[in-house]
Amino acid sequence: MSRNDLAFTRASLYGTQAESSFAGVTSFMRRRYSRDLSDVDLVITGVPFDTATTHRPGARFGPRGVRIASTGIAWARHWPWEFDPFDELAVVDYGDCEFDLGVPESVPASIERHADEILKQGCGLLTLGGDHFISYPLLKAHARVHGPLSLIHFDAHSDTWPDPDFKRIEHGTMFFHAAKEGLVNPQRSIQVGLRTTNDDPMGFKIIDARQVHGLSAEAVAIQIRERVGDHPVYMTFDIDCLDPAFAPGTGTPVSGGLATHQALEILRALKGINLIGMDLVEVSPPYDHAEITALAGATLAMEMICLYAWNRKTSL
């Protein structure tokens, strides 16, 4: 049995195998690279797009950076979960979404088609960004399958700033569009970690960063659970929800954010939510130091995978 380059040589889509963290093909968590989705439960894909960012660029390198960082934590079952999600789920790394950067107005439709192709085969989807705009076409694709969604949104920013002409391709307006178009139901959605000014919450419940700091992770999770109920949930995690001390490699850092351990504990306390899709965005490796941000991103993405696998495990 091969012990290296598991992205190509892995015999099974299931299980965790150890491979040298410093070598080999860098798929996410050493999953097999494949576009054959027969019998696949969950797909990891990247959208290396960052021209919708309003401050520092570089998130186009996010999918690659998160994949590389993930090799350092791929050698054993994800701690502290008591089961291995890769024993429950057949997971592949699908590679990245293709789009023509020279025709920027065509990019949203390219992302949406990419997600459609995966979702129509009955797979779950975890997307690595890329800037946060990518959530908008991803929500379109998921809502087409599941109907209006509950959104759990971790971020320093609300991303609901108005776009009356509905023309902007920008990472601060996606959830304005998503709410206006009925892709998400703000009355069943929640935003966590916010710490920038936007006087119109558009009906979203907000637990801002100061409130998070004054509560336990379990107390935050209880409020999230109460808000989303058993409705289909799309989770989006902008890495700038974390304080810049824990995630310097991002495009729009804001002081006063969550510590990595706070975010991880909140996610772990959400076991059982009806999670149907998720993304991890805004990792910008050019501004990172020692892979701090990319590692946080890879670890948070693994928490999402564990949450996704939990329902499958408990239903068996």
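Helix α4 (residues 107-119) has 13 residues and spans 18 Å from first C-alpha to last. That is close to the 18 Å expected at 1.5 Å a residue. The model is predicted. Buried positions in α4 are V107, P108, S110, I111, E112, H114, A115, I118 and L119. These buried residues pack against β2 (42-47), β3 (91-96), β4 and α5.

The strands that α4 packs against belong to an open sheet of nine strands. The strand order is β1-β3-β2-β4-β9-β8-β5-β6-β7, and the pairing is parallel. Two strands stand at the edges, β1 (32-33) and β7 (205-207). Each has a single partner strand, so one side of each is left without a neighbour in the sheet. Strands of a sheet pair through backbone hydrogen bonds, in a parallel or an antiparallel arrangement.

The pairing of β5 (residues 150-154) with β6 (residues 190-192) is parallel and runs over three bridges. Within it, F154 has V192 of β6 as its bridge partner.

Helix α5 (residues 135-146) is one of the elements packed against by the buried residues of α4. Helix α5 also lies across β4 (124-129), β5, β8 (233-238) and β9 (275-281). Relative to β9, α5 runs at about 175°.

Burial also marks helix α2 (residues 62-70). Seven of its nine residues are buried, so α2 is largely enclosed by the rest of the structure. The buried set consists of G62, P63, G65, V66, R67, A69 and S70.

Methods: Residues are numbered from 1 along each chain as its sequence is written. This is a predicted model: local features need pLDDT of at least 70, side-chain atom pairs count only at pLDDT 80 or more; totals for chains, interfaces and linings use all residues. Side-chain values use heavy atoms; hydrogens and water are left out. Two strands pair if DSSP finds at least two bridges between them. Helices (H or I, at least four residues) and strands (E, at least two) are DSSP runs, numbered from the N terminus. Contact means heavy atoms within 4.5 Å. Axes are lines fitted to C-alpha atoms, for helices over the stretch in contact, and angles run from 0 to 180 degrees between N-to-C directions. The expected span of a helix is 1.5 Å times one less than its number of residues. Buried means under 20% relative accessible area, exposed over 50%, partly exposed in between (1.4 Å probe, protein chains only).
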